Structure formats: C-alpha cells, structure tokens
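Visitor: I would like to go through this model one feature at a time. Please start with a pair of packed helices.

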Amino acid sequence: MIECEIEPKNAWSEFLDFVQKKCSVTEYQNWFSPIKVIQSTPDGIVLEVPNIFVREYIMDNYQDILLNFLPSNGEGEPSIEFVVGGPKKEKPKPAPKALPAKSSSSFNKKYTFDNYIEGPSNQFVKSAAVGVATKPGKSFNPLFIHGGVGLGKTHLLHSIGHYVETHHKRLKVKCITTEAFINDLVDNLRNKSVDKMKRYYRSLDLLLVDDIQFLQSRLNFEEEFCNTFESLINQSKQIVITSDNPPSELKLSDRMIARMEWGLVANVVPPDLETRVAILQYKAAGKGLHICNDVAFFIAEHIYNNVRQIEGAINRLSAYSKMMNIDLSIDSVEKILSSLFQKNADKHISVESILKSVSAVFEVKISEIRGDSRTKNIAHARQVAMYLAKELVTESLMKIASNFGGKTHSTLLHAWKKIKTRIDQDEMLERQIGMVKRGLGY
Ligand code: ADP
Ligand code: MG
C-alpha cells in the first residue's frame, strides 16, 4: 500500500484516471461517471452514488486498488463513506388490484445464474442481471440486454425470473416473448378483453420480455407495449428486455427507443477462448461426458461465436461416444464435428461488417465512427475500425478510407500505426479487438 499523501479529492481523480485506462468505456460510464465527490478531508472521502449496486461494485472490484489512492480506515478498507443519492423517485402508487399471482412460472427452470458460466465477455451483463434480480425495481430500470444469437440472453432473462420467484415469493413475475405478447394482445382484441389484459400486465412487479426486435414494424402493438412499459416503470416495477441489437439500432419509435435507454443497456458478446472451454467442460460434465483439456481447447478454438453451437457439439459427441464407444481424442473429435467447425480461410470481411462489430463492442453508432467527432471514445472506436480494416480487408487503402465517410488514406495509416503500437502494451485494447474479431466470426 502506498501511504496517501495527496488530498483525497485529487486522489479520487487520480484513481478515476487510472480506472479509465483499465476498463471499457461502457463500464466506466455505467459505474464511475455517476459518482459525485461530496466531501473530502485528509482522513477520507464521501461519495454520492446513485444506488447501492455502484457501491458494491466499486468495493468488490476496486477495494485493493483504492487503497493505493486513499487512506485506509484502519480495517484494511479505503476510507470512503458512501451516500446513496440520485434522483428522488416518486412514491410508488399502489398497484391496481392485483390478480392472483400466477403460480405456474412462465420461464425455463433450466436457466439459472448458477449454471451461467461467467467470463470477461459477460461478467458485466451478468452482474447487472444479478443486481436487478436481487433488488427488482430498485436499480437499473429497465435493464436492456442485447447481443448476437446463442450468447445467453434468454438464459439470463429466465435466471432473473427464477431468482425472483425463489427469493421474492410475493412478487408477481411474467416472462414473455415479444411474439407471445403480440399474440396475447391480438387474442384479447378479438375477445374484447383488452382492458383485462392491460390490468393484468400493469399489475406485475417484474416483466421479462424476450426478443424485443420482433416489435419492429408492428406499429399498433408498439404503442400498447410502450404504454404498459411506462405504466410499470412509473410504479417502479422492474422491466428487463432482450434484443439482438441495441435500442438505437432498432426500427422503433423515438419514444420507445428513449424509454429503453432509460436504465442500463448492457451488451453480451461472444465468450473468449477460456470461457468457451469452461462452458464446454461444464456442459459436457452435465452429460456425464469427460473431455480432456487439449480436446476442449481444440473444440473451443473452432467454435467461437455461439454458445448454442457448443451445446450442439457436446450433444453430438455424447451420442457418438455412447453409441459407438469412441474415445474422444483430437482426431476423432475433428472427424465427428468437422461440419460444425467454423472456417476462417475463405471469409470475406467488409468495412461494413467491421463497422458493425466495432460499433457493438465500443457502443458507438456506425454514423459516429464514420463522422468527424473527436470525442475520445468515438475517435478511439474509429481508429480501431481503421486498424482492423487495413488488417483484414483486401482492398486498396484509398478505397477502404473512403468507406469511413471520405477520410484520406493517410488518416487511415495514422490510425493503423497508432493502434498497432498500442496493442501490445494495452491489455484492454487487445481484448476489445479480440471481441470485434470474434464478432466478425474469427
Ligand atoms: P440467446 O437468447 O442469446 O440467443 P440463449 O440464452 O438461448 O441465447 O443461449 C443459448 C444456449 O447457450 C442456452 O442453452 C444457454 O443455456 C447456453 N449459454 C449461453 N451462454 C451461456 C453461459 N455463459 N453459460 C452457460 N450456458 C450458456
Ligand atoms: Mg434468446
């Protein structure tokens, strides 16, 4: 521990500078930006945080690091007093007369937090989901989870439902796909029972909505959904939504998009190699299948952007090893799974696909990457996109540069050099680039 000689407020800004270099822009914006220093003395610091999750997150993840910046309170902890502040919420209105709580649950019990394997790609989204499940309606509302197919969005959604049903027995929970919501609405319109349906949805304590992208171009249903949404949020009732794209990229009304961005928007990206191996071994063990490390790595290296495909591979291996009593070696596995393995060789990468993947990982809009803004996170995302375009796209530099809103090829080269020299020294950057590449199917 370094003895703290600097004034705590400065120490806090030094800590923030340090953290900013270590964590992703999203992480920083979600957890650190909302914190306010409300008092600082040589003995410690008082911080205002918007909710207790921020305090827990900081203390769980940064306690030791903070000791390098702030004095200790004598119990080995940094001397920080947290005050939970944030916008005052309206006193929740009593819910409309509740219909009897549904006893049969509307979610898949197979999906729980306990069997959701955590890694750098999903840690943030998982802790947000756990935060919401622990204190529904009191932290991020709505929680909006987006990401590609087979990355565990539905799993997390149902885990929240399962947790709440077990730990908050009095709360009324409904988990529904967007398709089912629309069908429900159609049925109720036909039976002239829409008011009853509205009352039911508005009496929920937790509404979990899967695959909101299916609400796109369903104008009539969108309005009803938006009304339900607002009614629940106004009563501080929790909403969690999943989607294949972030709110800003959905073709929905501005009103709906703004509502979905009210709370926390969290992205789930394909897991890294180690996490894929962990998922693989966990799922294999569940099927009584033993896969040794070498073979597990071999499989995970070839199936990289979808957890559902990993499950498919295990099912196939399990069937083969049971029916034909085959020993699972690299050679036999390669034969059995060859049709599932993803191949890089003949992949054609376009600037468009790079922009899409960079935009998802860095959470900036494609139009911003193409634009001229010098805002730090946008300029950084742009440079990463340019670096990857030069590395992966087989077209002239001039042609590539013109795809970035008409930039010159010297701008492209400058960005490429900058990222190339940083990549070896900056672990976070290396990881982010790895995520973008996996988004491209690498
Ligand atoms: P999505 O809704 O994002 O398309 P799902 O939630 O349906 O994906 O996940 C696909 C399958 O992969 C499910 O069986 C789920 O249990 C599994 N899965 C995804 N991510 C994980 C994870 N991190 N740990 C364990 N299983 C996972
Ligand atoms: Mg799903």
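Guide: Helix α11 (residues 293-302) and helix α13 (residues 330-337) pack with their axes 10 Å apart, at an angle of about 30 degrees. Angles under 35 degrees count as roughly parallel, over 145 as roughly antiparallel, 65 to 115 as roughly perpendicular and the rest as oblique, so α11 is roughly parallel to α13. This is a predicted model: local features need pLDDT of at least 70, side-chain atom pairs count only at pLDDT 80 or more, and totals for chains, interfaces and linings use all residues. Residues are numbered from 1 along each chain as its sequence is written, while chains are lettered from A and ligands numbered from 1 in the order in which they are written.

Visitor: How are helices, strands and axes defined here?
Guide: Helices (H or I, at least four residues) and strands (E, at least two) are DSSP runs, numbered from the N terminus. Axes are lines fitted to C-alpha atoms, for helices over the stretch in contact, and angles run from 0 to 180 degrees between N-to-C directions.

Visitor: Which residues of α11 and α13 make the contact?
Guide: Two residues are in contact if their C-beta atoms, placed from the backbone, lie within 7 Å. On α11 they are Asp294, Val295, Phe298 and Ile299, and on α13 Ile330, Val333 and Leu337.

Visitor: Are α10 and α12 parallel or oblique to each other?
Guide: Helix α10 (residues 273-286) packs against helix α12 (residues 307-324) with their axes 10 Å apart. The angle is about 40 degrees, and therefore the relation of α10 to α12 is oblique.

Visitor: Which residues form the contact of α10 with α12?
Guide: By class, this contact has 6 nonpolar, no polar and 3 charged residues. From α12 come Val307, Ile310, Glu311 and Ile314, and from α10 come Arg276, Ile279, Leu280, Lys283 and Ala284.

Visitor: How far apart do the C-alpha centres of domain 3 and domain 4 lie?
Guide: The domain assignment, which is automatic or from a database, gives domain 1 (8-84), domain 2 (123-268), domain 3 (273-337) and domain 4 (351-439). For domain 3 and domain 4, the distance between C-alpha centres is 34 Å.

Visitor: In which order do the strands of the 5-strand open sheet lie?
Guide: Two strands pair if DSSP finds at least two bridges between them. The edge strands, each pairing on one side only, are β5 (173-177) and β8 (264-268). Pairing in this sheet is parallel, and the order is β5-β6-β7-β4-β8.

Visitor: What stands opposite leucine 143?
Guide: β4 and strand β7 (residues 238-243) run parallel and are joined by 4 bridges. The residue of β7 opposite leucine 143 is valine 240.

Visitor: Which strands does helix α6 touch?
Guide: Helix α6 (residues 178-190) packs on the sheet, and its direction makes about 100 degrees with that of β5. The strands touched by α6 are β5 and β6.

Visitor: Is the peptide bond from asparagine 141 to proline 142 cis or trans?
Guide: Proline 142 is in the loop between α4 (123-134) and β4 (143-147). Omega of the bond from asparagine 141 is near 0 degrees, and the bond is cis.

Visitor: What is the phi of aspartate 211?
Guide: Aspartate 211 sits in the loop between β6 (206-210) and α8 (219-234). Most residues other than glycine have a negative phi. Aspartate 211 is not a glycine, yet its phi is positive, at about 60 degrees.

Visitor: Which residue is the bridge partner of leucine 47?
Guide: The sheet here is open, with 3 strands in the order β1-β2-β3 and mixed pairing. Strand β2 (residues 44-49) pairs with β3 in the parallel sense over 5 bridges. In β3, the partner of leucine 47 is phenylalanine 82.

How values were computed:
Ala, Val, Leu, Ile, Met, Phe, Trp, Tyr, Cys and Pro count as nonpolar, Asp, Glu, Lys and Arg as charged, and the others, Gly among them, as polar.
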